[in-house]
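Hi there,

Here is the structure I promised to pass on to you. Have a look at it first, and then read my notes below.

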Amino acid sequence: MSDTSDDCVFCTIVAGEIPAEVLGSNDHAIAIKDLNPQAPFHALVIPHDHHENAAASAAADPASIGHLVSLADEVARAAGNADYRLIANTGSGAGQTVFHTHIHVLGGSSRMTESLI
Ligand code: AMP
Ligand code: ZN
């Protein structure tokens with residue numbers, strides 16, 4: 001593990017080196033708008049520290065996941081979405097394309113009532 005990775009797009013966003021639309025932050029993470037939204041409300045909650053996925057973040061610091069979920073709830077509610085879906089793709093076989101932990105926060109779509117599982 002390392003705190004940052006030079007070739008990681010989310011590390012560069014956390015460092016403020018490339019622009020992103022920031023929706024909120026806490027001491028541990030930032031929430032930004034997804035560049036390619038899949039729902040009317042689509043945020044990404046990204047921890048400051050670089051780990052490959054949510055499980056790796058949890059292994060390094062179990063409390064880190066709680067900080068992400070709290071921020072996800074805050075930005076979803078601030079945008080008027082008390083009902084929302086959290087997704088943490090883990091591994092390319094599950095659709096993960098950026099290998100820095102992030103939680104998708106999706107809301108505002110009638111498709112939200114469809115079950116995935
Ligand atoms: P995943 O497929 O779960 O790894 O999700 C990566 C997400 O990051 C995708 O939904 C992308 O649209 C989003 N994304 C990639 N680069 C950026 C960026 N520079 N700003 C905002 N969202 C991004
Ligand atoms: Zn990173």
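Pro19 is exposed, because its relative accessible area is 80%, where exposed means over 50%, buried means under 20%, and partly exposed is in between (1.4 Å probe, protein chains only). You will find Pro19 in the loop between α1 and β1 (22–25); helices (H or I, at least four residues) and strands (E, at least two) are DSSP runs, numbered from the N terminus. From Pro19 to Ala88 there are 69 residues in sequence and 23 Å in space, C-alpha to C-alpha.

A word on the source: this is a predicted model, in which local features need pLDDT of at least 70 and side-chain atom pairs count only at pLDDT 80 or more, while totals for chains, interfaces and linings use all residues. Residues are numbered from 1 along each chain as its sequence is written, chains are lettered from A and ligands numbered from 1 in the order in which they are written, and side-chain values use heavy atoms, with hydrogens and water left out.

Now to the histidines. Is His100 buried or exposed? His100 is buried, since its relative accessible area is 0%. This residue, His100, belongs to the loop between β4 (85–87) and β5 (103–107). A polar atom of the His100 side chain is 2.8 Å from the backbone oxygen of Pro47. The side chains of His100 and His50 are also joined by a polar contact of 3.3 Å. A polar contact is a pair of N or O atoms within 3.5 Å; within protein, one must be able to donate a hydrogen and the other to accept it, and residues adjacent in sequence count only if both atoms are side-chain atoms.

His28 sits in the loop between β1 and β2 and is partly exposed, with a relative accessible area of 37%. His67 is part of helix α3 (residues 63–78), and at a relative accessible area of 26% His67 is partly exposed.

Finally, the ligand. How many residues surround ligand 1? There are 15, and the closest are Asp34, Asn89, Gly95, Thr97 and His104; a residue counts as near if one of its heavy atoms lies within 4 Å of the molecule. By class, this shell has 6 nonpolar, 7 polar and 2 charged residues. Here Ala, Val, Leu, Ile, Met, Phe, Trp, Tyr, Cys and Pro count as nonpolar, Asp, Glu, Lys and Arg as charged, and the others, Gly among them, as polar. At least two shell residues come from each of α1 (9–14) and β2 (29–33).

One is 2.8 Å from a backbone N or O atom of Gly95, and a polar backbone atom of Thr97 lies 2.7 Å from an oxygen atom of the ligand.

Enjoy exploring!
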